[in-house]
Amino acid sequence: MTTQDGLLVTLTDIAHTGRAVGRDDNGRAIFAAYALPGDQARVRVTRHEKRYALARLESVITPAPERIAPLCPHFGVCGGCHWQMADYAAQLAYKQQIVRDQLARGGLPDVVVHPTIPSSSPYHYRTHVTFHVTKQGRLGYVADDDRTILPIDVCHIMRSSLAALFDSVRDHDFSGIERARLQVGSDDGDRLIALTPIKRGAPVRLPDADATISLLDADTPRALRGSGSVLYTVRGKDFQTTGGSFFQVNLDQAAVLVDLVMASVVDPIEHALDLYSGVGLFTAFLADHAAHVTAIESFAPAVFDAAHNLADHSNVRLITGMIEDRLNHITAPVDLIVLDPPRAGVDAAALDALIKCGAQCVIYVSCDASTLARDAKKLTVSGYNLMSVQPVDMFPQTFHVETVAVFDKS
């Protein structure tokens with residue numbers, strides 16, 4: 001029903017973008033931000049398409065049982081969190097459903113998707129955040145309109161030591177900086193600020209903070225103060241991570257990912273590949289079980305970190321380059337492939353090259369259910385069986401879900 005106050009709709013489902021789904025009087029799908037399945041609500045349509053519309057919650061008439069009061073004063077405007085209005089048990093169920101639905105849409109409707117493994121803390125879990133900078137030089141997040149930079153005063157998903165670092169620099173004038181990444185290591189006192197300037201080579205005013213500082217000029221980190229890196233410890237292994245290099249934001253869940261991957265590794269392994277290997281998180285554990293490990297990563301500073309982190313492993317070969325280029329030069333037989341690609345999933349040429357390797361087992365660590373579904377379908381068509389799918393809540397209060405999917409060659 002359409003009224004002067006907006007569209008009255010009953011929400012019945014959840015989409016992989018985190019929006020609740022309902023239908024208007026004509027049967028057109030309505031995807032409503034900040035609404036929940038079970039809500040009866042008024043929504044304001046923000047974008048019309050032929051077969052669907054995007055909308056924003058205006059008011060809740062009858063709330064879903066899972067609806068709670070959000071914790072953050074920026075919620076509903078800031079684009080960082082999407083589900084603070086849902087209790088945590090519901091968030092976990094939504095993520096399991098999203099993975100299941102995306103696999104079904106991708107042509108894999110009969111796959112068993114296990115319940116989502118919860119984070120040890122639904123808040124205060126992030127070890128690093130990337131801020132954009134307003135025209136006034138303030139740190140902020142990109143708002144939910146994907147354009148506006150919203151200055152923030154508090155962020156409840158930051159780890160407490162990271163929040164303390166933010167508090168120490170938020171009054172600094174970051175003019176001339178495009179992005180500022182704040183990061184803390186496993187030790188609360190291990191702190192890093194990585195600055196990306198708007199203009200390459202332009203002078204940078206350094207914040208007065210008890211932290212190492214690096215400059216990401218053309219994506220190449222350069223230490224301006226201190227080491228320019230932090231140290232993470234996962235399951236007893238240390239990982240140096242330079243400013244700009246990727247590491248999982250949720251340390252407790254990073255350990256869970258390692259456990260899930262290694263639980264699917266069946267000894268003996270002669271040759272394992274770690275693709276999109278970063279600073280060597282999975283490589284380090286694979287090296288304890290495989291005679292040889294080849295790790296491929298495109299970001300050269302991360303490979304530098306990996307060389308440091310894996311210095312004690314003589315059975316590891318590190319390769320810098322794009323997966324689709326470097327895989328075609330792997331000539332030795334491959335028993336196992338572990339891959340942890342970005343949200344865009346695996347490039348088509350890279351996936352073709354991966355399949356040609358003929359590994360018996362492929363363990364795919366995904367941070368996007370839709371691209372996992374796309375790549376999983378291609379793997380199954382190529383002769384792999386999808387044996388298990390385990391969602392992991394790496395990002396509470398958001399719709400993002402990490403998944404470990406294990407494929408075995410028939």
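This is a predicted model: local features need pLDDT of at least 70, side-chain atom pairs count only at pLDDT 80 or more; totals for chains, interfaces and linings use all residues.

**Entry 1: contacts of lysine 95.** Setting aside neighbours within four places in sequence, I found lysine 95 in contact with Trp83, Thr116, Asp393, Phe395, Pro396, Thr398, Phe399, His400 and Val401.

**Entry 2: where it sits.** I placed lysine 95 in helix α1, which covers residues 88–105. Is lysine 95 buried or exposed? Its relative accessible area came out at 0%, so I noted lysine 95 as buried, the cut-off being under 20%.

Entry 3: Next I asked which backbone oxygen the side chain of lysine 95 reaches at 2.9 Å. I found that of threonine 398. I also noted the backbone oxygen of phenylalanine 395, 3.0 Å from a polar atom of the lysine 95 side chain. Both Phe395 and Thr398 were already on my contact list for lysine 95.

Entry 4: I then turned to the second largest pocket, where I read a volume of about 450 Å³. Its lining has 19 residues, and those closest to the centre are Ala15, His16, Val21, Phe31 and Arg105.

**Entry 5: who lines it.** Which element gives the most to this lining? I was pleased to meet α1 again, with four residues. At least two residues each come from α1, β2 (6–14), β3 (20–23), β4 (29–33) and β6 (52–62). Sorting the lining by class, I wrote down eight nonpolar, five polar and six charged residues.

Conventions. Residues are numbered from 1 along each chain as its sequence is written. Side-chain values use heavy atoms; hydrogens and water are left out. Buried means under 20% relative accessible area, exposed over 50%, partly exposed in between (1.4 Å probe, protein chains only). A polar contact is a pair of N or O atoms within 3.5 Å; within protein, one must be able to donate a hydrogen and the other to accept it, and residues adjacent in sequence count only if both atoms are side-chain atoms. Contact means heavy atoms within 4.5 Å. On a 1 Å grid over the protein atoms alone, a cavity is a set of points where a 1.4 Å probe fits but cannot get out, and a pocket is an open set with protein on both sides within 12 Å along at least five of seven lines; lining residues have an atom within 4 Å of a point. Grid points are joined across faces, edges and corners, and a volume is the space filled by probe spheres set on the points. Ala, Val, Leu, Ile, Met, Phe, Trp, Tyr, Cys and Pro count as nonpolar, Asp, Glu, Lys and Arg as charged, and the others, Gly among them, as polar.
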